[in-house]
Amino acid sequence: MSRCAAIQMASSPNISANLLEADKLIGEAVKAGAKLVALPENFALMGDHELDKIKAKEVDGSGPIQNFLAATAKKYGIWVIGGTIPIVGDDSNKVRAACLVYNDQGERVARYDKVHLFDVNVPGSNDVYRESDSIEPGTDMLVIDTPFGRMGIAVCYDLRFPEFFRKMGMEILVIPSAFTAETGAAHWELLLRARAVENLCYVIAPNQGGFHLNGRKTFGHSMVIDPWGVVLDCYKTGGGFVSAEIDIERLEKVRGAFPALDHRRFF
């Protein structure tokens with residue numbers, strides 16, 4: 001078994017301050033035994049304006065946020081899932097929302113660009129989001145082999161598209177997020193547990209959680225969920241982390257006793 005952790009933050013427009021907070025929380029998770037640590041979406045920057053991420057974009061492979069992730073993974077000797085950071089895309093007026101994966105040597109081993117973009121008017125509020133104004137969508141899913149198990153990566157709004165996950169063949173799903181307070185209260189736990197049950201996999205879900213300087217409020221409730229849909233740990237609001245053991249032997253026993261994945265039929 002290996003212990004994983006999901007970091008929860010209420011990130012600000014100040015990148016340096018966010019990186020200091022992330023390092024502190026990662027250090028606390030490592031002290032609790034975590035060997036795999038996942039950061040939330042937009043962990044390094046929750047700007048005052050949607051287009052602030054374009055000013056902070058980094059070229060792929062170089063920049064202060066990427067350097068932080070690599071150095072942190074190496075310093076603590078852990079795998080780090082780097083939430084999302086703004087990476088240069090094909091359109092100079094937009095970025096890719098990239099989730100970067102680093103191994104315990106500080107080497108980047110994978111990158112996933114958020115596929116589904118959050119362009120919605122949130123019911124029950126005056127909040128309007130148009131991620132496509134500043135983000136280019138990714139075009140590929142990501143599943144990688146790790147020491148902890150076969151891991152799929154997705155981001156926030158991806159969670160609402162169950163067909164996206166059925167092709168992954170994963171044992172662990174990591175889904176960095178920044179769910180709004182309204183949509184989180186309605187659907188966050190429901191969707192996370194559904195993805196765990198449907199795919200008989202562990203779900204590691206770091207979320208933004210609290211009030212942000214740009215006026216936004218995010219739901220928090222970062223979680224780790226087992227393949228039977230049981231919430232193993234949850235952190236409700238503010239900065240902190242959740243942690244739990246990833247037990248692949250238990251996963252295999254659940255899949256063996258309840259082989260729903262083998263019973264799938266496609267038409």
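This is a predicted model: local features need pLDDT of at least 70, side-chain atom pairs count only at pLDDT 80 or more; totals for chains, interfaces and linings use all residues.
Modeller: Let's start with a term: two strands count as paired when DSSP finds at least two bridges between them.

Colleague: Happy to. Which strands does β5 pair with, and which way do they run?

Modeller: Strand β3 (residues 79-81) is joined to β5 by 2 bridges and runs antiparallel, with valine 80 opposite tyrosine 102. Strand β4 (residues 85-88) is also antiparallel to β5, through 4 bridges; there valine 88 partners valine 95. With β6 (residues 108-113), β5 makes 5 antiparallel bridges, and tyrosine 102 faces arginine 108. Strand β9 (residues 135-136) runs parallel to β5, with 2 bridges, and isoleucine 135 partners valine 95.

Colleague: How many residues lie between the strands in the hairpin of β5 and β6, and which residue takes a positive phi?

Modeller: That hairpin has 5 residues between its strands, and glycine 106 has the positive phi, near 80°. The hairpin of β4 and β5 has 6 residues between them.

Colleague: How should I read the side chains of β5, buried or exposed?

Modeller: In a regular strand, side chains alternate between the two faces of the sheet. In β5, Val95, Ala97, Cys99 and Val101 point one way, Arg96, Ala98, Leu100 and Tyr102 the other, and all are buried.

Conventions: Residues are numbered from 1 along each chain as its sequence is written. Side-chain values use heavy atoms; hydrogens and water are left out. Buried means under 20% relative accessible area, exposed over 50%, partly exposed in between (1.4 Å probe, protein chains only).
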